[in-house]
Amino acid sequence: RSNAERCNNNEYFIGWMSDNELPATDAMLINYLTLNTDNPINAYSYAAAWTWLCDYTGKDNPQISDVTDAMKEDFIEFVYDRYYSVCATAIKKWSPDKLYLGSRHVVSNYLRKSTMAAAGRWCDIVSINVYCEWTPKSLLMADWYEWSKKPYMVTEFYAMAADSGLGNSGGAGWKVATQNDRGRFYENFVLKLLQ
């Protein structure tokens, strides 16, 4: 609340990102269903997954062996829908005139219709970090809009150069030989986004 009050009157502040690069994997449903419920921190997540599975299958006592690939993807959408609904509701309550910019999807999310659709239901703009691509893919960018039905904003991309004098041993950026090549990468990437 205090952050919202501080930022609401700032004309240069356009909106809120609620997180950064949240995970989305095919293992999410199984991971939730196998949480140690002796730990009270896990109780809600386990109960939510169990209730979802019972409702989805129509069974009183479904088994993990009942889980299909389609169910795994639908559960990811369920989790992300809940996450975005909670964040959007809070942001719109305390900062109604600012945009909700999502959670900066990373590749495990932006390749999934489920996460993009959930984001589109609640975010004003879907934010996406794109790494390890020399050029953004036109068909994938079209999918982002089709899946979310919202505008999207690429919020992070970069290249690292071998001639920087740095180790460049971490990070997901594109690796190039020289600083001039970094400039070429930037120009190519931005022109494709603008196209």
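Biologist: What share of the 195 residues of the chain counts as buried?
Modeller: This is a predicted model, in which local features need pLDDT of at least 70 and side-chain atom pairs count only at pLDDT 80 or more, while totals for chains, interfaces and linings use all residues. Residues are numbered from 1 along each chain as its sequence is written, and side-chain values use heavy atoms, with hydrogens and water left out. Buried means under 20% relative accessible area, exposed over 50% and partly exposed in between (1.4 Å probe, protein chains only). By that rule, the buried share of the 195 residues is 36%.

Biologist: How far does helix H4 reach from its first C-alpha to its last?
Modeller: H4 covers residues 69–94, which is 26 residues. The expected span of a helix is 1.5 Å times one less than its number of residues. The reach of H4 is close to the expected 38 Å, at 38 Å.

Biologist: Which elements do the buried residues of H4 pack against?
Modeller: The buried residues of H4 include Phe-75, Ile-76, Tyr-80, Tyr-84 and Ala-88. Contact means heavy atoms within 4.5 Å. The partners are strands E1 (15–16) and E2 (99–100), together with helices H2 (28–33), H3 (40–57), H5 (107–110) and H6.

Biologist: At what angle do H4 and H6 pack?
Modeller: Axes are lines fitted to C-alpha atoms, for helices over the stretch in contact, and angles run from 0 to 180 degrees between N-to-C directions. The axes of H4 and H6 are 8 Å apart, and the angle is about 25°.

Biologist: Are H6 and H7 roughly parallel or oblique to each other?
Modeller: Angles under 35 degrees count as roughly parallel, over 145 as roughly antiparallel, 65 to 115 as roughly perpendicular and the rest as oblique. The axes of H6 (residues 113–122) and H7 (residues 138–148) come within 7 Å and cross at roughly 55°. The two helices are therefore oblique.

Biologist: Which residues of H7 meet H6?
Modeller: On the H6 side, the contact is made by Lys-113, Met-116, Ala-117 and Gly-120. The residues of this contact divide into 4 nonpolar, 2 polar and 1 charged. The H7 residues are Trp-144, Trp-147 and Ser-148.

Biologist: Is Arg-104 buried or exposed?
Modeller: Arg-104 sits in the loop between E2 and H5. Its phi is near 55°, a positive value in a residue other than glycine. Most residues other than glycine have a negative phi. With a relative accessible area of 14%, Arg-104 is buried.

Biologist: What is the relative accessible area of Cys-132?
Modeller: Cys-132 lies in the loop between strand E3 (126–129) and H7. Cys-132 also has a positive phi, of about 60°, although it is not a glycine. Cys-132 is partly exposed, with a relative accessible area of 44%.

Biologist: What is the C-alpha to C-alpha distance between Asp-38 and Pro-136?
Modeller: Asp-38 is in the loop between H2 and H3 and is exposed, with a relative accessible area of 69%. In sequence, Asp-38 and Pro-136 are 98 residues apart. In space, C-alpha to C-alpha, the distance is 45 Å.

Definitions and conventions
Helix = DSSP H or I, 4+ residues; strand = E, 2+ residues; numbered from the N terminus. Nonpolar A, V, L, I, M, F, W, Y, C, P; charged D, E, K, R; others polar.
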